[in-house]
Amino acid sequence: MSKAVELARHLETLKINDMYKNDFYWTWDKTNDEIDAIFTVADALRDLRERNKNTKVFNSGLGISIFRDNSTRTRFSFASACNLLGLKEQPLDEKVSQIAHGETVRETANMVSFMADVIGIRDDMFIGEGHKYQKTFIDAVDEGYRDGILEQRPTLVNLQCDVDHPTQCMADLLHVIHHFGGVENLKGKKVAMTWAYSPSYGKPLSVPQGVIGLFTRMGMDVVLAHPEGYEVMPEVEEIAKKNAEATGGSFTKTNSMEEAFQDADIVYPKSWAPFAAMEERTKLYQQGDKAGIDALEQKLLAQNAEHKDWTCSEEMMAKTKDGKALYLHCLPADISGLSCDEGEVDNSVFDRYLVPLYKQASYKPYIIAAMIFLAQVKDPVRALMEMDKKDDERKMF
Amino acid sequence: MSKAVELARHLETLKINDMYKNDFYWTWDKTNDEIDAIFTVADALRDLRERNKNTKVFNSGLGISIFRDNSTRTRFSFASACNLLGLKEQPLDEKVSQIAHGETVRETANMVSFMADVIGIRDDMFIGEGHKYQKTFIDAVDEGYRDGILEQRPTLVNLQCDVDHPTQCMADLLHVIHHFGGVENLKGKKVAMTWAYSPSYGKPLSVPQGVIGLFTRMGMDVVLAHPEGYEVMPEVEEIAKKNAEATGGSFTKTNSMEEAFQDADIVYPKSWAPFAAMEERTKLYQQGDKAGIDALEQKLLAQNAEHKDWTCSEEMMAKTKDGKALYLHCLPADISGLSCDEGEVDNSVFDRYLVPLYKQASYKPYIIAAMIFLAQVKDPVRALMEMDKKDDERKMF
Amino acid sequence: MSKAVELARHLETLKINDMYKNDFYWTWDKTNDEIDAIFTVADALRDLRERNKNTKVFNSGLGISIFRDNSTRTRFSFASACNLLGLKEQPLDEKVSQIAHGETVRETANMVSFMADVIGIRDDMFIGEGHKYQKTFIDAVDEGYRDGILEQRPTLVNLQCDVDHPTQCMADLLHVIHHFGGVENLKGKKVAMTWAYSPSYGKPLSVPQGVIGLFTRMGMDVVLAHPEGYEVMPEVEEIAKKNAEATGGSFTKTNSMEEAFQDADIVYPKSWAPFAAMEERTKLYQQGDKAGIDALEQKLLAQNAEHKDWTCSEEMMAKTKDGKALYLHCLPADISGLSCDEGEVDNSVFDRYLVPLYKQASYKPYIIAAMIFLAQVKDPVRALMEMDKKDDERKMF
């Protein structure tokens with residue numbers, strides 16, 4: 001029995017009826033079975049592809065991508081996932097198109113979706129706005145479908161919003177699961193999600209938020225560490241607490257990077273902007289207050305610079321479990337002595353973890369494909385079984 | 001018998017031999033049977049897609065798109081149509097490419113067409129130039145095909161030129177046909193194609209021209225209304241007159257929006273620039289006379305502002321047949337109190353017609369697909385029949 | 001027996017084991033059999049496509065394209081080749097993506113390649129840098145493949161570097177082979193690869209270098225002509241010399257365009273920048289010395305202007321064999337009296353050769369497809385045979 005069939009049989013045991021024709025905003029919207037199903041399908045699709053099986057679900061159809069911020073890896077992951085399933089990625093570039101000229105989101109959403117099966121949106125720039133935009137967009141196509149304008153109801157894949165970054169954090173976690181030899185080995189593992197210094201400013205909060213909102217579901221001991229003033233959204237901390245309670249793990253906070261790293265099995269040191277400052281920035285942008293934005297940026301950079309000791313150095317790594325914690329990063333990292341003078345991580349640490357870091361990233365296309373698969377395929381178990389059985393190859397010669 | 005088969009049988013009765021390997025510039029180049037064929041194939045493809053049939057015609061091949069003006073909806077419609085038929089849309093971005101550096105149109109046309117089956121061009125900016133560019137481009141690939149440079153002869157879909165906007169106006173008309181329950185119900189219906197005020201200037205004339213050139217073929221009473229000075233191309237008015245004579249309808253002109261709206265079954269209020277001013281603008285651009293262009297813009301904006309009463313208000317809508325005329329717009333509209341202070345249409349009117357407006361737009365991908373289909377498929381009746389019969393699905397799982 | 005089968009049988013006689021899973025940097029890396037194989041597969045794929053055979057190798061997969069310089073024809077050739085084989089061309093636009101923000105090439109290479117089968121790179125701007133970039137990129141994915149990060153090992157197609165332009169020069173040569181009725185007729189033919197005046201400056205050296213490095217393998221008499229100071233890379237001249245010795249042809253140099261054109265069977269007059277100046281320019285860019293760059297540009301333009309007599313005029317063409325040498329150009333050309341006042345070629349000469357020039361260009365998509373095919377298909381002979389035999393059409397209706 002192939003791995004794909006084994007995984008399909010596991011999928012059969014999960015309660016996933018609500019995933020079909022549904023959207024993926026945040027991991028905490030999803031049940032444990034649904035999260036499990038995403039991992040299962042991601043692994044199954046990977047196994048099928050490795051065995052040169054054709055995994056196309058669609059003969060035609062579009063996967064619309066909307067990136068309201070620059071992106072290489074997420075863009076390519078989404079394009080790869082669409083291609084794997086037979087969809088054509090069609091980017092909606094808001095600078096080129098007429099959207100800038102006063103079209104409402106609702107109108108645009110319908111206009112681009114006549115033949116769209118999937119919508120992938122990244123909108124992480126402004127606290128309070130990213131999720132709202134995704135929701136408005138999808139509510140519009142949902143209404144369009146109900147009104148008979150759209151023949152099919154395209155499903156959302158959140159490619160990063162201001163609250164969560166589910167494709168990233170699920171790829172991170174699938175990597176962790178495989179690294180530790182299975183989800184059953186994660187219980188009791190200590191995870192240090194810590195802030196780290198970067199010479200840039202204004203990095204999104206969605207990664208730390210996504211990590212504490214997801215990793216706490218695995219019965220792990222998740223520590224969120226950051227200097228005072230770098231708080232994340234309180235709503236997400238609440239979710240992390242409840243998750244921890246429900247799974248017998250823990251969620252704690254500290255203002256000491258050392259404390260977080262001490263005996264950690266997994267470390268995720270990464271820069272982000274203070275939540276309150278990001279809220280202020282959003283307001284300044286809405287008011288078009290350029291002087292205010294510049295002043296805020298200077299203030300934040302100065303604030304950052306007070307915490308240059310928050311860096312994933314060799315000394316810090318030595319504090320972790322056997323000095324060998326699994327180092328995670330969503331990339332690109334600010335690497336001291338390589339991409340900047342002082343940054344999130346020592347070059348020697350980063351370099352030692354290159355292979356696992358790239359493997360971590362390699363799960364993202366499959367996570368996205370699994371999200372699309374489960375939202376679009378009515379009988380995913382049968383589909384995986386048939387793909388496994390059929391003599392249909394990805395590379396035919 | 002499915003709707004697609006029914007439509008294929010109707011297609012069999014039409015004389016459409018000249019459509020194969022031919023281009024689509026203007027609707028008035030086409031016979032009534034040919035126009036009918038486009039509508040028939042568009043409806044058939046829509047029925048097949050709604051029934052999850054695979055409608056791919058090509059296993060490989062490119063659909064080149066050239067947008068010499070910004071576009072969202074037409075771009076996505078073209079990409080969707082290509083994808084539906086198995087072609088890959090390949091945009092030729094003239095800003096990125098070397099075309100700006102003195103390549104002739106003829107050379108570029110051949111260089112991008114080695115594996116192109118379709119060329120879609122939008123060039124609506126300058127009176128006297130858009131159609132010319134399309135013609136030059138297609139003449140070049142035609143010559144290239146005859147000279148043995150190209151293995152196949154790509155066909156043109158006019159995605160909007162300075163004279164006509166056939167994919168828009170045919171989508172508009174197909175929407176009207178379905179709204180009134182069939183082409184046989186259109187005879188005697190009154191259509192008000194009227195100018196409306198917009199705070200912007202320089203909108204293309206191709207929509208009003210396309211509408212009067214096409215809707216007059218259906219035996220309808222088409223009224224073109226605009227303030228003095230906003231005349232459209234006289235050649236197209238001539239076509240509208242002849243069409244009306246041939247079909248027992250009428251084509252009239254007025255300088256009163258009220259008169260046009262009175263008892264109208266269909267209203268299409270939309271801003272456009274005066275033809276003569278657009279001719280002047282083209283010359284100024286050719287001379288690189290920036291001061292002249294700015295002066296003209298100011299003059300035109302001032303001229304526009306004298307006609308702010310030309311707006312599709314609730315009062316105006318009340319004059320139409322039972323106060324319930326079908327409101328059409330090619331979108332995006334300038335909506336008073338929503339996208340601008342004073343514009344083409346009241347927010348309450350626009351909002352009431354949202355669903356039909358989006359349905360109107362939903363026909364465009366199918367109209368484009370039908371144009372490609374009829375230009376590329378040798379035996380379109382057989383193709384539709386086989387697509388209907390085959391156990392080949394668009395979404396396979 | 002079809003032409004494709006005939007070509008497949010010829011392919012069977014060639015020693016091409018090393019091509020599978022290998023890269024294409026420079027033509028002189030390849031054995032004569034390997035060069036022959038590319039031509040053979042290019043012709044076979046063209047024959048299959050002309051007979052409407054489906055030539056897809058892949059059901060899914062990406063062909064990443066990286067253009068670090070503007071491009072229309074090479075971009076479309078690569079996209080066409082990918083599409084012909086079933087791959088989706090996915091451009092990596094370095095201006096839009098995060099690459100500009102300090103990602104290393106190694107990281108990017110892996111991040112975009114998770115589902116990539118082919119990488120096409122054009123990087124011809126800076127002497128000493130283009131090839132280096134390609135090598136670094138491919139070394140990274142090779143390492144990624146060995147480390148188990150990538151499931152497949154994407155292969156490189158050099159779409160132009162600072163040293164060679166193999167897809168261009170092989171398309172040029174295939175055109176020459178067909179023009180003269182077979183490779184066996186090339187022995188002893190005189191080829192004039194000559195510099196020509198252009199009002200622009202800084203054109204890459206990869207075309208003249210590629211031509212002398214490739215055409216000398218055919219037993220032809222290759223003359224490289226340029227004004228003093230316009231030398232190409234000495235390493236490539238060495239290769240040309242050795243090739244000529246091995247095949248019984250010759251490689252000579254002259255500073256007289258007349259001498260080169262005298263009795264030539266083939267002429268390739270084209271502007272390029274002096275190698276030494278390009279080396280200097282690369283250093284100035286690395287130092288960010290803008291004043292130095294501007295001064296160099298002025299110096300080079302003045303130097304160019306001293307050689308306006310180096311142009312492919314009617315007088316010059318009259319000196320060639322029977323006045324009818326085959327005129328080659330990679331396009332776009334600087335055409336005197338058409339695209340510029342004084343340029344590389346007289347309008348009347350260029351115009352007379354339009355059809356052969358476009359044919360020359362038409363080979364490029366097939367050359368690229370053949371490079372991909374031979375690097376990706378394990379048993380290319382069987383694949384061509386099956387494609388020929390199967391009832392599988394490119395255009396299905």
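**Contact between chain A and chain C in the predicted model.** In this predicted model, the contact between the two chains draws 27 residues from chain A and 29 residues from chain C. On the side of chain A that touches chain C, helix H2 (32–50), helix H3 (73–85) and helix H14 (354–362) of chain A each contribute at least two residues. H3(A) accounts for the largest share of this side, with six residues. By residue class, the side of chain A that touches chain C comprises 11 nonpolar, eight polar and eight charged residues.

**Contact between chain B and chain C.** Here 29 residues of chain B and 27 residues of chain C make up the contact. Strand E2 (88–91) and helix H4 (105–111) of chain B each provide at least two residues of the side of chain B that touches chain C, and H4(B) gives the most to that side, namely four residues. When the residues of the side of chain B that touches chain C are sorted by class, 12 are nonpolar, 11 are polar and six are charged.

**Relation of chain B to chain C about the rotation axis.** Chain B is superposed on chain C, with an RMSD of 0.0 Å, by a rotation of 120 degrees that carries 0.0 Å of shift along its axis, which means that the two chains stand in the relation of a three-fold axis. Within chain B, the C-alpha nearest the axis belongs to Lys88(B) and lies 5.0 Å from it. The copies use different surfaces in their contact, in that 3% of the contact residues of chain B recur in chain C.

**Domains of chain A and the contact between them.** Chain A is divided into domain 1, which covers 3–163 + 364–389, and domain 2, which covers 167–361. Taken over C-alpha atoms, the centres of domain 1 of chain A and domain 2 of chain A are separated by 26 Å. Their contact involves 24 residues from domain 1 of chain A and 24 residues from domain 2 of chain A.

**Domain 1 side of the contact within chain A.** H2, H3 and helix H15 (364–376) of chain A each supply at least two residues of the side of domain 1 of chain A that touches domain 2 of chain A, and the largest share of that side, five residues, comes from H2(A). The residues on the side of domain 1 of chain A that touches domain 2 of chain A fall into 13 nonpolar, six polar and five charged.

Terms used
Residues numbered from 1 in each chain as written. Chains lettered and ligands numbered in written order. Predicted model: local features only at pLDDT ≥ 70, side-chain atom pairs only at ≥ 80, totals over all residues. Contact = placed C-beta atoms within 7 Å. Nonpolar A, V, L, I, M, F, W, Y, C, P; charged D, E, K, R; others polar. Domains from an automatic or database assignment. Least-squares fit on C-alpha atoms with pLDDT ≥ 70 in both.
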